[in-house]
Amino acid sequence: MSCVSTADLSRYLLIGQVSRRGCLYAGSPRIAAYTLFRSIRQIRGASSHAATLAQVSARAVAATVSPLRKQLKDEARALKASGKKKKNKADNQAVPGWELTVGIEIHAQLNTARKLFSPAATSFNDVPNSHVALFDVAMPGSQPLFQPDTLIPAVRAALALGCAIQPVSRFDRKHYFHWDQPAGYQITQYYEPFARDGRVVLHARDGIAPADGDRVEIGIRQVQLEQDTAKTTAQPGNVHWLDFNRVGLPLVEIITRPQIRHPATAAAFVRKVQMLLGSVDACVSGMEAGGLRADVNVSVRRADEAGTGRLGTRTEIKNLSSFKAVEDAIIAERDRQIAVLEAGGVVEGETRGWSLGSTETRRLRGKEGEADYRYMPDPDLGPVVIGEDLVSHLASSTGVLPDAEVDSLMDTYGLSSKDALSLMLLDDGGRIQYFYNVLGELERGLGLAGASDQRHARLAANWCLHELGKLSDLSSDLCMTRDGECRIPSADLAAILSHLHRQEITARVAKDLLWGVFRGEVSVGGVAQAIDAGSLWFHEISEQDYSRLADAVVQGEDRVMGEFLRFKQGKVKAYPQGKLMFLVGKMMRAGPEQQMDPASAERVLRARIEGVYLPALVAS
Ligand SMILES: Nc1ncnc2c1ncn2[C@@H]1O[C@H](COP(=O)(O)OP(=O)(O)OP(=O)(O)O)[C@@H](O)[C@H]1O
Ligand SMILES: [Mg+2]
Ligand SMILES: [Mg+2]
């Protein structure tokens with residue numbers, strides 16, 4: 001790459017435009033001039049003009065963020081419209097005659113108050129370019145100031161990944177030139193990272209490919225501290241907006257050994273790392289909120305080369321921002337490489353990109369090697385010394401790790417592993433905390449603490465997961481905090497569930513109340529008043545009324561009754577439960593639903609079939 005003249009560099013820093021092609025970026029896109037101006041003005045004290053621009057851009061940035069769930073829906077719609085059928089991923093984990101190798105690099109934003117080398121505050125979704133120190137934009141004369149607090153979440157993360165913490169580690173400069181990196185190099189820990197030789201154990205319940213068996217262990221080669229880059233938001237007309245709030249945020253880069261053999265296992269690994277980091281409070285947010293990004297390195301070799309110890313040439317797909325993207329991109333890249341090799345070609349070491357919903361990875365550039373990055377120790381930074389006392393203190397004060405928590409949710413409350421894992425993954429750990437809050441309130445209200453029957457806990461889990469999920473397509477609409485509070489106060493959901501558990505209201509009424517709280521129609525703490533005001537208390541109809549309804553709905557259902565008769569006569573093995581529920585549904589529609597319990601309707605109907613209708617059929 002050609003060197004940058006001082007004139008060009010100053011134009012870049014002060015106007016954000018480059019006159020010479022191939023200097024800062026091969027395509028010479030325009031960088032919105034005000035972005036850099038604004039960051040510089042903000043450093044000196046914000047002007048009102050800058051603030052207005054920042055607000056406009058903040059709104060625009062928010063508008064461009066498309067939540068994963070919406071993207072998935074759009075993708076499904078597009079696929080449906082195209083008439084194509086998607087290959088089942090479960091059947092697409094391996095290609096006969098070929099072996100896949102994947103190594104993953106995960107970049108996770110650490111949960112700290114300050115940037116890695118400046119005292120500027122870390123900020124997320126704040127006004128763009130409002131937390132930028134001179135060092136962050138590489139102002140000449142500014143120097144890095146290591147913020148030792150960063151070590152706390154970093155060491156916690158490395159311990160959760162089973163790593164050995166290194167007593168001495170050092171910072172290196174990794175050079176590459178891009179607008180999102182004002183210094184022209186990133187400070188990282190290439191030669192001497194602060195943590196090495198970890199491992200993550202994945203179980204079948206974590207969603208690994210069946211071919212990996214019940215459990216698979218993935219080695220972590222190293223974990224290093226490094227700076228984040230500025231955030232780029234693409235605008236129409238090849239304009240890019242830059243937010244330097246993100247530049248210099250502390251990241252850990254977690255680098256695995258090339259030991260992953262299946263796409264589903266790769267996605268499960270990233271999911272597990274997100275959970276592990278969340279469980280020790282090391283990470284700001286998960287993939288959906290942009291706090292965690294993954295690069296996957298993919299290579300293939302023929303099955304008969306597996307014993308040689310030589311791996312195929314790797315390509316790297318950068319910046320994947322969902323578990324689904326990890327799995328889909330690996331499948332697509334594996335298939336591309338196999339097609340190249342089967343056609344007699346060679347796989348080139350490349351950096352490639354992936355967009356959600358696509359079926360192919362696309363080439364971005366040739367893969368940079370060690371020589372391209374011109375690594376060198378950073379002369380402005382001394383070594384990082386981590387004492388054994390800090391490590392042992394953090395190791396002993398670490399919370400419950402995810403595997404132990406899933407076991408406890410399954411053993412203590414009887415939750416399925418799927419529900420336990422979903423609760424733990426949602427809202428960056430906020431949903432499971434919400435579940436604990438609701439459960440605590442519910443047990444207090446019902447006087448059930450320590451009860452052996454955990455029906456109420458399963459009820460709470462079901463509602464925290466499924467009923468809350470129905471309120472909105474967007475999990476973000478719930479405004480869940482990591483402390484486990486949201487638009488539905490935990491005490492209000494507990495109040496609704498308490499009445500439901502005691503059968504004082506029906507499930508239908510409970511669901512209506514939940515919507516009422518979500519929309520603000522039921523005031524905070526006002527669940528009981530809302531039930532009073534709507535006369536929604538459950539006054540169940542009598543057994544005779546249920547019987548009368550049962551008698552009415554079986555009229556004209558001779559074919560259905562014939563099925564019960566065939567079961568009774570032993571002509572079919574399975575009880576016709578579906579038919580029974582069909583009749584229960586008819587009863588619920590025919591009667592006053594607010595005063596009926598489907599379980600009572602089912603019980604009475606079943607008894608009448610056994611005791612009255614079938615004997616009458618046999619006799620006739
Ligand atoms: N042949 C291969 N096939 C698949 N993965 C590989 C192969 N060789 C190495 N890897 C994986 O590639 C990753 C290399 O990451 P590392 O950070 O060391 O280098 P890099 O990708 O060149 O650096 P960066 O992307 O940070 O600039 C590791 O996860 C490693 O396991
Ligand atoms: Mg790397
Ligand atoms: Mg890499």
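Modeller: Residues are numbered from 1 along each chain as written, and chains are lettered from A and ligands numbered from 1 in the order written. In this predicted model local features need pLDDT of at least 70, side-chain atom pairs count only at pLDDT 80 or more, and totals for chains, interfaces and linings use all residues, while side-chain values use heavy atoms, with hydrogens and water left out.

Biologist: Happy to start with the metals: which residues coordinate the magnesium ion (ligand 3)?

Modeller: Donors here are N, O and S atoms within 2.8 Å of the metal (3.2 Å for Na, K and Ca), and sites may look incomplete because water is not among the atoms. The coordinating OE atoms lie at 2.1 to 2.5 Å, and they come from Glu105 and Glu316.

Biologist: What is the geometry of the site of the magnesium ion (ligand 3)?

Modeller: Four donors count as tetrahedral if all angles lie between 85 and 135 degrees; four count as square planar and six as octahedral if opposite donors are over 155 degrees apart and all others between 65 and 115, and anything else is irregular. The six donor atoms of this site make angles of 55 to 168°, and the site is irregular.

Biologist: How many residues apart in sequence are the parts that Glu105 and Glu316 tie together?

Modeller: Strands (E, at least two residues) and helices (H or I, at least four) are DSSP runs, numbered from the N terminus. Glu105 lies in strand E2 (residues 98-109) and Glu316 in strand E13 (residues 315-320), so the parts tied together are separated by 211 residues.

Biologist: Is Glu316 buried or exposed?

Modeller: Buried means under 20% relative accessible area, exposed over 50%, and partly exposed in between (1.4 Å probe, protein chains only). Glu105 has 13% relative accessibility and counts as buried. At 1%, Glu316 also counts as buried.

Biologist: Which residue coordinates both magnesium ions?

Modeller: The magnesium ion (ligand 2) is held at 2.0 Å by OE atoms of Glu105 and Glu253. That pair links E2 with strand E11 (residues 250-256), 148 residues apart. The ions, ligand 2 and ligand 3, are 3.7 Å apart, and the residue coordinating both is Glu105.

Biologist: Now for ligand 1: how much of it does the protein bury?

Modeller: A polar side-chain atom of Lys174 lies 2.7 Å from an oxygen atom of ligand 1, and one of Tyr373 lies 2.8 Å from an oxygen atom of ligand 1. Areas come from the Shrake-Rupley method with a 1.4 Å probe, and for residues only the protein chains shown count as cover. Taken alone, ligand 1 exposes 640 Å², of which the protein buries 88%.

Biologist: Which element gives the most to the shell around ligand 1?

Modeller: E2, E11, strand E12 (292-302) and E13 each give two or more residues to this shell. With four residues, the element that gives the most is E2.

Biologist: Which residue takes a positive phi in the hairpin of E9 and E10?

Modeller: E9 (residues 231-235) and E10 (residues 239-243) pair antiparallel over five bridges, with Thr233 and Trp241 as bridge partners. Three residues stand between the strands, and the one with a positive phi near 80° is Gly237.

Terms used:
Polar contact = N/O pair within 3.5 Å; in protein donor to acceptor, adjacent residues only side chain to side chain. Pairing = 2+ DSSP bridges.
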